[in-house]
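Let's take a look at a structure together.

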Number of protein chains: 2
Amino acid sequence: MSVLIVGSTALDSIKTPKAENPRLLGGSASHAAVAASFFAPVKLVGVVGQDFPKRYIELYRRHKVDLEGLQVLPGKTFHWSGEYEINMNNRRTLATELGVFETFNPRLPAAYQDSSFVLLANIAPSLQSHVLTQMRRPKFVVADTMDLWLNIALPDLLKLLKRVDGFVLNDSEARQLTKEDNLLTALKKIHKLGPKYVIIKKGEHGAILSTRNGGLFLSPAYPLHRVVDPTGAGDSFVGGMMGYLSTAKGSLDDNIRKGMIYGSVVASFCCEGFGLKFTTRITRRAIDDRFKELDKLTRF
Amino acid sequence: MSVLIVGSTALDSIKTPKAENPRLLGGSASHAAVAASFFAPVKLVGVVGQDFPKRYIELYRRHKVDLEGLQVLPGKTFHWSGEYEINMNNRRTLATELGVFETFNPRLPAAYQDSSFVLLANIAPSLQSHVLTQMRRPKFVVADTMDLWLNIALPDLLKLLKRVDGFVLNDSEARQLTKEDNLLTALKKIHKLGPKYVIIKKGEHGAILSTRNGGLFLSPAYPLHRVVDPTGAGDSFVGGMMGYLSTAKGSLDDNIRKGMIYGSVVASFCCEGFGLKFTTRITRRAIDDRFKELDKLTRF
């Protein structure tokens, strides 16, 4: 089965204390799509401008990403530039040029509307809802988000949360959304907003899954000797997870833990290079090796 | 087998945003001894003043802690008072009155000198070394420390590290000691200082074990709905681990992961009450239940 992924498709200019990389392929949908592509075929919904480099279209194609849902419009591609501090945990946005993304109206090709696994990667929650409305009977819908939408589009996000099966956010966003410092209490509050599965990402400290019946899973992060650029790690995590889930046999409850581990593994590779540079070089075999290694690193 | 534990035995006055608790039983050795007592008999080396409440002596006795090594001297017991901020992660010391601890000269009773498992809980590294010098042939010696000793007694600490099998410190101390931000790199550097086993504690994010041959273990923390007082959690962790290890059959390398999980479990109970209030109320059965639960929370 394939995964439908909607989100941002962008050019990222990323500065770290050690290097500067202009106009890398970025955006939540790009990271998630490449991550998912190691497990399943991907249908991408997004928008780019006429300046979008051909080499990035070819990159998507090499990863067998279906581009029927990628609109190419007159104007400029969404461009984000940001800078990381020395410890790679704090970043600040230097500039955001929305370009064609400003008027993005995601439209699903007919062939996309029957997709069973849907990842609403980080974009405005109204657009995430708009995509969902065009779907027939998706089996498993997961939404990701960011602090920006909590600040400027909370009512839209709350509406969306009633319609999704799973919701992914990071620890500071969970605290902001629920006004709760304790993450277990925050998880309970988020279930009440709708989603049966809630995942709180904690960066280098892994992630916690909570299911509505009270089940918890502590997912480790793969320990890295060097973090080059964490941009897109969260998108890679949820993309890898959804890619795995769309092809796994058996029940979701049985598979979602393995899915999170696969997601963590792809996210770890993502952090080892700028943008998608490292992720696009790995193989399914390297992913499986690191999956097994994480198993060994956590057994007791 | 029993565990010999040397460290501070203190009275702690702890303030949190919700409550104030004066003159609780505290100190690294007290927390570690009670934690270890669930697994093995404990021999305590420490010092208290004549003001030390009898009820705390009785508390040690209820936990079958051998007190032959506890000196009771004229003067006042070491008294620490501190205050936690609302998120319970940051604390500041309000006052430290060393009392009889200022001239503490740990002396081992003859019956202690043959101990196989030795925990040098957090005190000045010169005192930790002094204890070690009085031992015959310990099988497994672990030292804990704190940032204070990195600041004022680094040469002593470095001397000690050449003589211990295991070393436990928290993430910020590891970064301070090695001047490395990345914990895997920090672990490698710490092995070069002597210890074969290095454990970096990360509070609510668990702990990492590194063995000199490159083995790693990611130990989870037990997730809590409410943290009442984290004082002594790190001491409980290493105490529980050493207690378990001293009675476990088989090789250390086979047992140390389980030991860390037991340590995490006791540390989690410690955080649920002020001082030792909660830890002293639990049973070995409650510990085993939470151990099994941590297994379920991390399996994939």
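## Two copies and an axis

Keep in mind that this is a predicted model. Turn chain A by 180°, with a shift of 0.0 Å along the axis, and it can be laid on chain B with an RMSD of 0.0 Å. That's how a two-fold axis relates two copies. Both chains use the same surface for the contact: 100% of the contact residues of chain A recur in chain B.

## Where the chains touch

The contact brings together 19 residues of chain A and 19 residues of chain B. On the chain A side, the elements giving two or more residues are helix H7 (183–192), strand S13 (216–219), helix H9 (252–271) and helix H10 (284–298). Sort that side by class and you get nine nonpolar, six polar and four charged residues.

## A strand with two partners

Now hop over to chain B and find strand S9, residues 140–144. S9(B) is mostly covered, with four of its five residues buried.

Strand S8(B), residues 117–120, pairs with S9(B) in the parallel sense over four bridges. One pair to look for is Leu120(B) with its bridge partner Ala143(B) in S9(B). Together with helix H3(B), residues 125–133, these strands make a right-handed β-α-β unit.

S9(B) also pairs with strand S10(B), residues 166–170, in the parallel sense over three bridges. There, Val142(B) stands opposite Gly166(B).

Conventions: Residues numbered from 1 in each chain as written. Chains lettered and ligands numbered in written order. Predicted model: local features only at pLDDT ≥ 70, side-chain atom pairs only at ≥ 80, totals over all residues. Least-squares fit on C-alpha atoms with pLDDT ≥ 70 in both. Contact = placed C-beta atoms within 7 Å. Nonpolar A, V, L, I, M, F, W, Y, C, P; charged D, E, K, R; others polar. Buried ≥ 20, exposed ≤ 12 C-beta atoms within 10 Å, placed from the backbone. Pairing = 2+ DSSP bridges. Right-handed = clockwise from strand over helix to strand, strands pointing away.
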